[in-house]
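With the model open in your viewer, please follow the stops below in order, making each selection before reading on.

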Amino acid sequence: MRLCAFSLLAVVAACKPSSPKDPDTWMKRLSDSDPRARSRAVQELRKLKAKQAAPQVAQLLKDPLVREDAAAALGELGGPDEVPALLEAVDTTVGAGSDQAARATNRANARIADALGEIGDGRAGPALLRLARSKDDSLRLQAVQALGEVKFKEAVPELARLVDDESAPPLLVKKAVVALGQIGDPGAIPGLQHALVVERQGVSFLPEASYSLFQLGKAAVEPMIRIAEDKDPAYLAWAKENNRAPAGTYAKAALVLGDLGDPRAVPVLLEKLRYKDPDPLPGTARLLTNLVRQFAANALGRLRAREAAAPILALVQTRDPQQLDLVRFCSEALVWIGDRGQAKELARRAGVGNVRLRLTVAQAASLFGGDAVLAQLQSVAAKLRKSPPAACAKDADELQLADANDKPCELVAAQFDGLAIAPESAQACKDSAPCWMDKLKSTEPLVRARAAYELGRMGASEAVPALVQAAADDDLLARVAAIRALEWLIPVPAAQPQLKAAAAKLASQLSAEQGRVQFVKVNEELRRLQSRLAHL
């Protein structure tokens, strides 16, 4: 009777349906006679992230009907042990033909290149370099990207040549520039300097090139200073041959030097604050002059170069609306430098001139000034309330304030009144980190921004978690302040363990916010911060 019972249980067990969530279910089907079943098994194992199936999946690289799916799956499931099988599966005997076999081979090669890049094994470098020379554009893109991921230094000369190849598709150039940064070899610097200032079919490579130079770190500092000082003969000859305006070079060099954060750049950046473009057209000369000056000011602000405060302040005026961008850059730089004596002077300049410029400098002053700034803001608001209504109506119209017809002077004065909450918070908190941490929760973005800056200035290591949270603020002013504050805390030993731990959270945020247009620019700053924290 017991034997019968056991036999019945065995039969039931044998008939029990396989679970689709069990990798063994699909691993058994990798050898199915039906190619559709084999392909389905590979796809399901990929979804289940069944790394134990990688050796069996690698065997399917020899199967022409399943090779593409197998290569794609190995990018997620495979590791160094699967690299030899992937390399053996590379087929370089076909070109960019339009026949079905050629297309299938190139697609499979592209999937293999992607998998090799995901695994990141340097042994793949030579094969990827061969694939990068393919005549099939999609395959070239994938191979070039993978060369960066495996950090194959021998590819640097060829990748750098792509930057100067006018026939190269813009997307391929972008991939090459990114790969050069990932490889991290100083030999890439000349090519990346070219990429800073060239365009292809109206496409700029500035975001990719500046970040790649940032990744190269200290090795890029002296070369960037040399092109900013016109002391690199090879670059000067290339720029002349390619009709690159000096102003573009100076501005973009300043941008990169600000990213690199090396104080050796301060003298040349101070010099660029005095730059005057020689273009014969006055309008063009003004635009190019301001471009160089504003990027130099931005870099000096990021370096927190106190010797730059006075010359930057000298560029701040409130009369000419055409100077708005320059005034914004300079005012923001003064906030980062944090010389509180300059805040009072900024607030004083908010008393007259174009209303948008006045508000720009007044807001900057409110982010690092104290009682004197508060008094000046109150004085400006009081004078506005006594101004002729016609003048106020003009200002209200420029600020696009609604319902300005009723009490325009009151509406404009309220804009300055609203800035007082930041210095008022400073009166309340003074040097109290707990108080400022509480202000990070304020409903007012201006107060949140002021709180972040103050916590960064005082080196408050206990504020790291709150500042990391603030780096996801929907308000750009507050988000930038949190990013800067976290940067300022990097040298603080007590803050470093928490900062390093925050790198993963910031990486997740960057991934989640991809494609959100409102954060594209500010998240370039966040991306650099995340990289710095990850390397602590």
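**Stop one: Arg-67**

Begin by selecting Arg-67, which lies in helix H5, the helix made of residues 67-77; keep in mind throughout that this is a predicted model. Colouring by accessibility shows Arg-67 as partly exposed, because its relative accessible area is 22%, a value that falls between the 20% cut-off for buried and the 50% cut-off for exposed. If you then display its surroundings, leaving aside residues up to four places away in sequence, you will find that Arg-67 touches Leu-60, Leu-61, Lys-62 and Ala-108. A distance drawn from the C-alpha of Arg-67 to that of Pro-80 spans 18 Å, for a separation of 13 residues in sequence.

**Stop two: Asp-259**

Is Asp-259 buried or exposed? Its relative accessibility is 2%, and Asp-259 therefore counts as buried.

**Stop three: H24 and H25**

Finally, select residues 389-398 as helix H24 and residues 408-417 as helix H25, whose axes are 8 Å apart and which pack at an angle of about 55°; the two helices are therefore oblique to each other. The crossing of H24 and H25 is left-handed. On the H24 side, Pro-389, Cys-392, Ala-393, Asp-395 and Ala-396 meet Pro-408, Cys-409 and Val-412 of H25. Sorted by class, this contact between H24 and H25 comprises seven nonpolar residues and one charged residue, with no polar ones.

Terms used. Residues numbered from 1 in each chain as written. Predicted model: local features only at pLDDT ≥ 70, side-chain atom pairs only at ≥ 80, totals over all residues. Heavy atoms only, no water. Axes fitted to C-alpha atoms, helices over the stretch in contact; angles between N-to-C directions. Helix = DSSP H or I, 4+ residues; strand = E, 2+ residues; numbered from the N terminus. Parallel < 35°, antiparallel > 145°, perpendicular 65-115°, else oblique. Left-handed = near helix turned anticlockwise from the far one by under 90°. Contact = heavy atoms within 4.5 Å. Nonpolar A, V, L, I, M, F, W, Y, C, P; charged D, E, K, R; others polar. Buried < 20%, exposed > 50% of the residue type's maximum accessible area, 1.4 Å probe, protein only.
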